[in-house]
Amino acid sequence: KFYQRATTEASQATLASVSPVFAVMKLDKEGNTTYFEKKKTELYQELGLQARDLRFQHLMSIATRNNRIILRMEFLKAVITPEFLLILDYRNLNLEHWLFNELASQLAGEGQLVTYSLPFEFRAIEAILQYRISKLQGRLNTLQPQILETLEALVDPKLLSVDRSKLHILLQNGKSLSELETDLKVFKETILEILDEEELIEELCLSKWTDPQVFEESTSGIDHAEEMELLLENYYRQAEDLANEARELRVLIDDSESIIFINLDSHRNVMMRLNLQLTMGTFSLSLFGLIGVAFGMNLESSLEEDPRIFWLVTGIMFLGSGLIWRRLLSFLGRHLEPPLPPHVPAVLKKSQPAFGRVEIKNNLKAETFGL
């Protein structure tokens with residue numbers, strides 16, 4: 001027994017030594033802030049939670065346990081009770097301004113929150129959701145002008161070649177936009193899971209079950225569950241609006257990439273056509289150059305004694321090469337030029353009114369441009 005007791009004490013001491021220590025920021029209803037450090041084992045025992053409830057997660061989640069709201073949102077990990085709000089591991093550079101300058105006043109009802117007249121957990125949830133939406137909005141506001149400026153530079157018709165540095169910037173902005181779309185999708189799905197379950201919305205109203213006076217007010221006409229549902233729907237719509245703006249940027253990037261590829265294909269076709277023309281010219285010249293090769297074989301004949309035969313043969317060579325090259329170019333033009341637009345009969349033009357003729361011309365121009 002003594003050996004087992006000593007082993008148990010040693011294991012507990014070892015567990016306590018490796019147990020993580022949380023830097024906790026506590027905010028009450030009046031906005032008073034206190035800071036302290038506490039081990040994870042002691043903290044979840046005091047709050048009546050389990051160890052897995054305080055586990056760090058990057059994904060967003062909102063859950064309730066033992067009349068406590070556990071909210072995880074990227075680097076933010078919070079526990080909400082009817083009396084206070086705990087921010088775990090608050091020492092983060094991305095959160096300092098909001099935690100020390102804005103959160104306390106929002107919880108005290110001094111900010112511009114809609115839920116300042118409702119219980120404490122409403123103000124805490126709205127403050128955190130508002131912070132998350134503002135961060136996502138800020139990321140979108142930063143990406144949008146950069147993407148538009150880069151696309152405008154890439155699709156400029158005056159440029160004959162694509163700037164590789166602009167393509168690199170567009171690639172980085174596209175990755176950032178994909179990450180933003182993923183974060184918005186997770187935010188929407190998390191809130192939508194709660195909105196689809198009426199019991200989860202009821203569990204988020206902590207004061208309704210702990211304070212009898214609040215419960216009586218709720219039964220007399222103020223339904224806190226409906227207020228919580230409206231609160232979540234409001235931020236769900238804001239996230240949906242941000243997702244639509246990000247989706248429009250994504251469509252704009254895809255369309256611009258198509259235009260860039262079309263321009264590159266057009267330049268590539270011009271180079272291929274020029275190469276083909278030069279190849280045909282070389283072929284024509286080489287074909288009639290066989291005559292010069294035949295006369296240059298040092299064969300004796302009566303033609304080499306005539307001084308005019310050199311200019312005659314040379315003229316025939318260049319003239320024949322030019323004619324063959326011209327024929328090849330006309331053949332190439334007939335097979336590579338786009339077909340003409342369909343001919344509109346004269347009867348149709350006479351029968352159509354003025355606005356109809358304008359519409360037909362516009363349609364023909366559009367078709368020709370597309371071809």
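Me: Which residue in strand 4 is the bridge partner of S61?

Reply: The model is a predicted one. Strand 3 covers residues 61–65 and strand 4 covers residues 68–73, and the two pair in the antiparallel sense over five bridges. In strand 4, the residue bridged to S61 is R72.

Me: How many residues lie between strand 3 and strand 4 in their hairpin?

Reply: Strand 3 and strand 4 pair in the antiparallel sense. N66 is found in the loop between them, and N67 has its place in that loop too. The number of residues between the two strands of the hairpin is two.

Me: What is the phi of N67, roughly?

Reply: N66, in the turn of the hairpin, has a positive phi of about 55°, although N66 is not a glycine. N67 is not a glycine either, and its phi is also positive. For N67 the value is about 60°.

Me: Is N67 buried, partly exposed or exposed?

Reply: Buried means under 20% relative accessible area, and exposed means over 50%. N67 has a relative accessibility of 25%, so the residue counts as partly exposed.

Me: What is the order of the strands in the open sheet?

Reply: The sheet has six strands, with antiparallel pairing. Strand 2 and strand 3 stand at the edges, each with a single partner strand, so one side of each has no neighbour in the sheet. Neighbouring strands are turned by 20° against each other on average, direction ignored. The order is 2-1-6-5-4-3.

Me: Which residue of strand 6 is the bridge partner of L27?

Reply: Strand 1, residues 21–28, runs antiparallel to strand 2 and is joined to it by seven bridges. In strand 2, L27 has T33 as its bridge partner. Strand 1 also runs antiparallel to strand 6, with five bridges joining them. In strand 6, the partner of L27 is L85.

Me: Which residue in strand 6 does A78 stand opposite?

Reply: Strand 5, residues 76–80, and strand 6 pair in the antiparallel sense over four bridges. A hairpin of three residues joins strand 5 to strand 6. The residue of strand 6 that A78 stands opposite is I87.

Me: How many of the five residues of strand 6 are buried?

Reply: Strand 6 spans residues 84–88 and is mostly covered. The number of buried residues in strand 6 is five.

Me: At what distance from the ring centre of F84 does K26 lie?

Reply: K26 lies over the face of the F84 ring. The distance from the ring centre is 4.5 Å.

Me: How many aromatic pairs does a search of the whole structure find, and what is the angle between the planes of Y35 and F100?

Reply: The search finds two aromatic pairs. In one of them, Y35 and F100 have their centres 6.0 Å apart, and the pair is tilted. It links Y35 in strand 2, residues 33–39, to F100 in helix 3, residues 96–107, which is 65 residues away. Between the planes of Y35 and F100 the angle is 40°.

Me: What is the relative accessibility of F100?

Reply: Y35 has a relative accessible area of 41% and is partly exposed. F100 counts as partly exposed too, and its relative accessibility is 42%.

Me: Is helix 4 roughly parallel or roughly antiparallel to helix 5?

Reply: The axes of helix 4 and helix 5, residues 164–195, come within 10 Å and cross at roughly 155°. Angles over 145 degrees count as roughly antiparallel. The crossing of helix 4 past helix 5 is left-handed. Helix 4 is therefore, relative to helix 5, roughly antiparallel.

Methods: Residues are numbered from 1 along each chain as its sequence is written. This is a predicted model: local features need pLDDT of at least 70, side-chain atom pairs count only at pLDDT 80 or more; totals for chains, interfaces and linings use all residues. Side-chain values use heavy atoms; hydrogens and water are left out. Rings of Phe, Tyr and Trp (its six-membered ring) pair if their centres lie within 6.5 Å; planes under 30 degrees apart count as stacked, over 60 as edge-to-face and the rest as tilted. Buried means under 20% relative accessible area, exposed over 50%, partly exposed in between (1.4 Å probe, protein chains only). A charge sits over a ring if NZ of Lys or CZ of Arg is within 6 Å of the ring centre and within 35 degrees of the ring normal. Two strands pair if DSSP finds at least two bridges between them. Axes are lines fitted to C-alpha atoms, for helices over the stretch in contact, and angles run from 0 to 180 degrees between N-to-C directions. Angles under 35 degrees count as roughly parallel, over 145 as roughly antiparallel, 65 to 115 as roughly perpendicular and the rest as oblique. A crossing is left-handed if the near helix is turned anticlockwise from the far one by less than a right angle, and right-handed if clockwise.
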